[in-house]
Amino acid sequence: MAVTLYDLSSASGLKKLDEYLLPRSYITGYQATKDDLTVYAALPTAPSDEYGNVSRWYKHIDALLRISGVSGEGSGVIVERSLVAEPVATPPAADTKAAVAEDDDDDDVDLFGEETEEEKKAAEERAAAVKASAKKKESGKSSVLLDVKPWDDETDMKKLEESVRSVQMEGLLWGASKLVPVGYGIKKLQIMLTIVDDLVSVDTLIEEHLTVEPINEYVQSCDIVAFNKI
């Protein structure tokens with residue numbers, strides 16, 4: 001079963017993660033996996049020593065990424081942005097009364113009348129829309145961790161990130177990001193993204209959007225660090 005963590009940008013979220021990591025060396029299992037990379041990328045900055053377990057784990061994963069990388073599959077992790085559920089809107093009493101009145105009016109409608117061509121066409125369109133919506137809901141999603149590398153140490157990393165996030169398409173959602181030192185004063189952008197598998201190809205995203213004009217003014221190359229099914 002996938003591990004679920006909440007709002008890692010807040011003190012409460014970090015405290016929960018710190019408690020979770022107290023008896024553990026990794027997010028799941030007994031070796032570093034892509035689950036660790038997902039949580040690592042979701043942290044906006046390196047955690048302070050106040051959260052000792054998180055800090056210890058973070059430094060270990062950071063070192064592995066610099067030395068050998070992480071390739072273990074893991075068993076799945078979900079990072080939610082907030083602990084608070086979206087409120088469900090309740091219609092006001094006046095609207096409820098109006099709805100009841102409409103229902104009463106419907107009693108006068110001839111339910112057995114012959115359907116017109118316009119009504120048939122509208123019904124077919126609604127059915128097609130429902131079918132398409134259901135297909136989209138059934139489509140799988142993936143969480144991707146991407147390394148975006150600049151040309152040199154003089155590249156404006158703020159503009160680089162802005163140009164990356166400017167790529168918008170159906171089924172693509174950009175997530176948390178941070179700058180990671182590479183060496184010689186150069187930093188790379190490490191950014192999370194969530195994709196709908198049937199709508200977005202990461203290879204196409206890189207080859208046809210992130211490494212072509214005008215974005216290639218800032219971006220030299222992109223590498224997929226982790227790719228996890230959600």
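1. Lys229 and Asp197 form a salt bridge, with N to O at 3.0 Å. The term covers a side-chain nitrogen of Lys or Arg within 4 Å of a carboxyl oxygen of Asp or Glu. Lys229 sits in strand S6, and Asp197 in the loop between S5 and H7. The two are 32 residues apart, and the pair links distant parts of the chain. Helices (H or I, at least four residues) and strands (E, at least two) are DSSP runs, numbered from the N terminus.

2. Exposure of this pair: Lys229 counts as exposed because its relative accessibility is 60%. Asp197, at 22%, counts as partly exposed. The cut-offs are under 20% relative accessible area for buried and over 50% for exposed, with partly exposed in between (1.4 Å probe, protein chains only).

3. On the basis of the model: it is predicted, so local features need pLDDT of at least 70 and side-chain atom pairs count only at pLDDT 80 or more, while totals for chains, interfaces and linings use all residues. Residues are numbered from 1 along each chain as its sequence is written, and side-chain values use heavy atoms, with hydrogens and water left out.

4. How many salt bridges does a search of the whole structure find? The search gives 6. One of them joins Asp147 and Lys188, whose closest N and O atoms are 2.7 Å apart. Asp147 belongs to strand S3 (residues 141-150) and Lys188 to strand S5 (residues 186-196), so this pair ties together parts that are 41 residues apart in sequence.

5. Next, Lys149 and Asp223. Their side chains meet in a salt bridge, 2.8 Å from N to O. Lys149 lies in strand S3 and Asp223 in strand S6, so the pair ties together parts 74 residues apart in sequence. Lys149 is partly exposed, with a relative accessible area of 30%. Asp223 also counts as partly exposed, at 32% relative accessibility.

6. Asn216 counts as partly exposed because its relative accessibility is 26%. Not counting residues up to four places away in sequence, Asn216 touches Trp151, Leu210 and Thr211. Contact here means heavy atoms within 4.5 Å. Val164 is 52 residues from Asn216 in sequence, and the C-alpha to C-alpha separation in space is 9.8 Å.
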